[in-house]
Amino acid sequence: MPTEPTWTEMPAVAAAAAAGDIGTLLRVARTTSGLTLEEAGQRTGYSAATMSRWENGRRRDWTVTELRRLAQVYGIPPRLFGLASSSPPAQTSAARVIEGPNNGGGDWMRRRDLIAGTLGLTTGAALLPADAAGGMAATVEDVIFGRVAAVPLPDHQLGAQLAAAKADFRACRYSQLARRLPRLLAQATAGRDEAPADQVEQASARLSQAYGVATQLLIKLHDDGMAWSTSDRAIQAARASGDPLVIAEATRLAATVLRRTRHRDGAQRLVLHAARQLDADTGLTDLPQTAMYGQLLAVAAYTAAIRDDRDTAWTLLGEAEDAARRVGRDTNRFNPLDLAVYKISVARVLGDYGTAVNYARQVDPTHITAPERRARYWEDTALALHGRGYSTGAFQALLAAERDTPQEVRYRPWAQNLTRELISTDTRGALTGVRELAARIGVDA
């Protein structure tokens, strides 16, 4: 028999169980596990706003199936929900927590297919050693573990390949980027390994940037384990390059991976240290340096919001705003429009959905030139509208995201989960087309 968690002995828990107060039981189980509302939502497949409503007792009708699922995901003894104890039918509670409900089923398999399938496509004989070019497929894992080799490219050709990969990411062409990455990483690795002594730093910068693009894609697809590996490679290569901007960018991505793996304090320290180091090393004397400094502070603000450190989040955004103003209208770098989108993100994560919606209304997404940045706008806007209770507005923002950045909606969990919630709450059939959307993006309605 598994040992019950110690929090079940709390008097408040006994009182909630006796009163059938599901919301209190969920809140206690979540907070004692150190989970945020967003993390709990990811495990259950619902938004933070929905989880908050449940914890506040705004739902009274529960099915036995739903209660058993919540008990399994949260690690709540079934008896507290008035259920008979029973073993999970096929999957243990521990396994369920590792996968997470919103990472399970068709959505997670679809993203895994993209990661393991398209990243595992044959990259061609040019990538492989001459004696191994016989149908062998190369993956990012193969590159990381040294199972493939490539012929190094001249620097200008490698630079062009790297620019194309970055363009794929900015345009939300995730499947195309996934196919491109193994070859790019292998060629960048070969370029660094075989570079003459006077070119090692430049080759290391190229390698760091290649691993950085890989990390960005893996973060988007929620493959945090592989992202940890690629971000570490990016950091090592960046340090070998000696380039302050390359080091800062690699550190920013590493902090994002740390944050996503629940090392929030470490992520905060890392990204703030990177900002201070960039300032000390460069004096922020040009626009690229200033823009990177502002982006680091914005990432730190978002991290503070996830840590529920409201004052720090808004203070850091104020610092980032100063940097963004200095950058001005340079659309290729962190600028005031990017800062405006971060404001939506920070307000939403803090649960200030009304504030987030107000910030969203102040932004014209047609002025955001990069599709990947517009995708962030649509995500935060849709989720903030849903959190505010504006289902129709959330659905319209979701449709706009699909039209604008279809792969963002097809492969990202936020869109999958929001679509499910809209279907489950649309009891009057007011959201015309929501089930058709679900069918298009592969959500089981």
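Which residues in helix 11 meet which residues in helix 13? In this predicted model, the side of helix 11 that takes part comprises Ala205, Ser208, Gln209, Gly212, Thr215, Gln216 and Ile219. Their counterparts in helix 13 are Val246, Glu249, Ala250, Arg252, Leu253, Thr256, Val257 and Arg260. By residue class, the contact of helix 11 with helix 13 divides into six nonpolar, six polar and three charged residues.

The geometry of this pair was examined next. Helix 11 spans residues 200–220 and helix 13 spans residues 244–260; their axes come within 10 Å and cross at roughly 25°. Because angles under 35 degrees count as roughly parallel, helix 11 is described as roughly parallel to helix 13. The crossing in which helix 11 passes helix 13 is left-handed.

When residues up to four places away in sequence are not counted, serine 208 touches Ala234, Ala237, Ala238, Val246 and Ala250. Val246 and Ala250 belong to the set in helix 13 that meets helix 11.

Two loop residues show backbone values of note. Histidine 222 is situated in the loop between helix 11 and helix 12, the latter covering residues 224–241. Although histidine 222 is not a glycine, its phi is positive, at about 60°. With a relative accessible area of 15%, histidine 222 is buried. Arginine 262 occupies the loop between helix 13 and helix 14, the latter covering residues 264–282. Phi of arginine 262 is likewise positive, near 70°, in a residue other than glycine. Arginine 262 is partly exposed, with a relative accessible area of 38%, whereas histidine 222 is buried.

At the level of the whole protein chain, the secondary structure consists of 23 helices and zero strands. The protein chain has 445 residues, of which 52% count as buried. Among contacts in the protein chain with a separation of 6 or more, 63% are accounted for by residues 24 or more positions apart. The protein chain exposes about 20,200 Å², and carbon and sulfur atoms supply 50% of this area.

Conventions: Residues numbered from 1 in each chain as written. Predicted model: local features only at pLDDT ≥ 70, side-chain atom pairs only at ≥ 80, totals over all residues. Heavy atoms only, no water. Axes fitted to C-alpha atoms, helices over the stretch in contact; angles between N-to-C directions. Helix = DSSP H or I, 4+ residues; strand = E, 2+ residues; numbered from the N terminus. Parallel < 35°, antiparallel > 145°, perpendicular 65-115°, else oblique. Left-handed = near helix turned anticlockwise from the far one by under 90°. Contact = heavy atoms within 4.5 Å. Nonpolar A, V, L, I, M, F, W, Y, C, P; charged D, E, K, R; others polar. Buried < 20%, exposed > 50% of the residue type's maximum accessible area, 1.4 Å probe, protein only. Areas by Shrake-Rupley, 256 points an atom, 1.4 Å probe, with all protein chains shown as cover.
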